[in-house]
Amino acid sequence: LDINNTSDSFEVQNYQNLGIETQVKIDWEPKDQTETLVKNYLKILFDQSFQDEQPEQKKNNFNFARKIISKIHFHTQKIQEVKPKKLIKRVIEEIVSVVVLFYLGISLVFVYTSYHSLKSLESSFFYLRKGDVQKTSEKLAQSKSYLRIGETNYQFLAPIINFISVEQNQKNQNLISFVNYTQNSIQSVLQTYNFAEKIYYSIGLGDKKANYDEITTALKSNLQLTFENLSQIEIVLNKSQLPIFLEESIKKNFEYNNIKSFQEQISQLTKIVDLIPPTLSGEIGKNLIIVFQNSHEERSTGGAIESMLHLTLDNGKFVSKKIYSNSEIDGLSTENIEAPPLVRDVTGISQWKTRDLNYNPDFPQTAVNLKWLIEKKLKFSPDIVVFLTDDILSELIASETEINLGSESLNQSKFQELLSKGEVQAVFPKVIDYFTD
């Protein structure tokens with residue numbers, strides 16, 4: 001076997017190939033040798049790179065590591081040098097800062113929501129005066145949302161405000177109550193609109209008409225709730241414990257300055273609501289008598305009887321009307337009706353006139369007396385009797401500035417003048433006819 005192993009003929013690649021072929025032929029697995037070769041190769045590579053590194057570079061690397069270690073040591077020593085008292089003080093200061101910022105944020109939210117709640121409430125009043133129910137509802141809903149957020153925030157703020165100033169805390173609480181009661185009042189008015197619409201659109205529907213007893217009960221309950229809310233608003237206002245900006249605004253507001261008047265109107269409206277079921281329900285027609293009185297002549301029920309309006313209703317619709325003056329009713333029969341002792345002693349007249357039927361302060365008894373007279377003179381039985389004063393007609397005349405009665409015109413001041421002089425016999429029926437035509 002001739003082996004040419006001279007350096008000129010030696011090739012690493014051929015040697016390696018020969019080694020692999022030989023290993024395959026003899027089924028030899030050089031597992032240990034391969035691992036050893038790889039380790040040796042890596043060691044040689046590492047030693048070579050380490051030997052090539054310059055001394056100055058090694059020194060810089062050591063300096064850099066030394067700086068890092070010294071900084072870590074410095075910060076550790078600095079932390080250890082902080083005294084416990086200063087550390088506690090610093091922690092307390094940070095906690096206080098966070099708490100102050102938290103309550104400052106809550107205060108700003110409360111002021112913002114309260115302001116916008118009041119502005120939305122003012123807008124809802126504006127649209128309510130115009131009769132825009134939809135816009136009123138939208139603004140009222142916005143006001144309620146703002147108030148809900150502000151009230152929630154103030155629960156966290158109230159203890160701090162109360163600690164600083166009890167009076168200011170009370171004013172803020174009154175502000176929330178005031179807005180709440182006002183919102184409820186507007187909500188009740190909107191519900192009243194809703195019930196009134198149901199009644200109005202049900203008139204004349206025959207079998208499809210509404211259940212007036214249920215609607216009337218709900219309407220009366222709603223009016224009573226409105227009255228109570230107005231009473232609560234009046235209590236808050238009388239205390240004069242509201243924020244200054246709100247007190248100044250209330251002084252300029254018409255609605256808040258006339259709460260008493262609204263309460264009186266609600267009381268009168270509650271009485272009128274009682275007329276709805278007997279007037280609109282039932283299958284047969286109803287006879288309604290409205291008695292108009294002159295308040296310039298004192299009587300127990302409001303004034304001397306001047307005129308009567310007879311309305312016939314069928315399923316809520318006016319079928320016919322007839323106006324009678326007191327003298328006209330007296331002239332329908334030649335029979336003289338003897339006056340009761342009380343009336344005779346006061347008037348000095350033995351005959352019982354129509355205008356003197358209401359001397360008795362017991363209104364139910366006066367209504368019975370009037371019903372008896374109508375049955376005797378007009379030959380029908382009234383189902384409902386309502387007494388009104390001249391104030392109603394006077395306000396209606398004022399709403400139109402002046403009314404035309406054909407041959408003459410009439411304004412509020414002239415009407416009041418005729419009432420005071422007792423010269424309304426000819427005018428009263430014309431005024432009633434004008435507003436019921």
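In these legends an axis is a line fitted to C-alpha atoms, for helices over the stretch in contact, and angles between N-to-C directions run from 0 to 180 degrees. Please keep in mind as you browse the views that this is a predicted model.

**View 1. Helix α7 packs with helix α10.** Here residues 212–239 form α7 and residues 259–273 form α10; their axes lie 10 Å apart, at an angle of about 165°. Since angles over 145 degrees count as roughly antiparallel, α7 is roughly antiparallel to α10. The crossing of α7 past α10 is left-handed. On the α7 side, the residues that meet α10 include T216, L219, L223, F227, L230, I233 and L237. Among their counterparts on α10 are I259, F262, I266, L269 and V273. K220 and E234 of α7 also take part, as does K260 of α10. Sorted by class, the residues of this contact are eleven nonpolar, six polar and three charged.

**View 2. Helix α7 also meets helix α6.** The α6 helix covers residues 166–202, and its axis comes within 9 Å of that of α7, with a crossing angle of roughly 155°. These two helices are therefore roughly antiparallel to each other. As α6 passes α7, the crossing is left-handed. The contact of α6 with α7 counts 15 nonpolar and twelve polar residues, along with one charged residue.

**View 3. Four strands form an open sheet.** Reading across the sheet, you will find the order β3-β2-β1-β4, and the pairing is mixed. At the edges sit β3 (317–325) and β4 (384–389), each of which pairs on one side only. From one strand to the next, the twist averages 20°. For a detail to zoom in on, take β1 (residues 286–294), which pairs with β4 in the parallel sense over six bridges. F292 has L388 of β4 as its bridge partner. Helix α15 (residues 390–399) packs on the sheet, where it touches β1 and β4, and its direction makes about 65° with that of β4.

**View 4. Helix α15 packs with helix α16.** The axes of α15 and α16 (residues 412–421) are 9 Å apart, and the packing angle is about 155°. That angle makes α15 roughly antiparallel to α16. From α15, the contact draws on D390, L393, S394, E395, I397 and A398, while α16 supplies Q412, F415, Q416 and L419. The contact of α15 with α16 is made up of five nonpolar, three polar and two charged residues.

**View 5. An aromatic pair joins F363 and F387.** The rings of F363 and F387 are edge-to-face, with 4.9 Å from centre to centre and 80° between the planes. Because F363 lies in helix α14 (residues 363–377) and F387 in strand β4, the pair ties together parts that are 24 residues apart in sequence.

Conventions: Residues numbered from 1 in each chain as written. Predicted model: local features only at pLDDT ≥ 70, side-chain atom pairs only at ≥ 80, totals over all residues. Heavy atoms only, no water. Pairing = 2+ DSSP bridges. Contact = heavy atoms within 4.5 Å. Parallel < 35°, antiparallel > 145°, perpendicular 65-115°, else oblique. Left-handed = near helix turned anticlockwise from the far one by under 90°. Nonpolar A, V, L, I, M, F, W, Y, C, P; charged D, E, K, R; others polar. Phe/Tyr/Trp six-rings, centres within 6.5 Å; stacked < 30°, edge-to-face > 60°.
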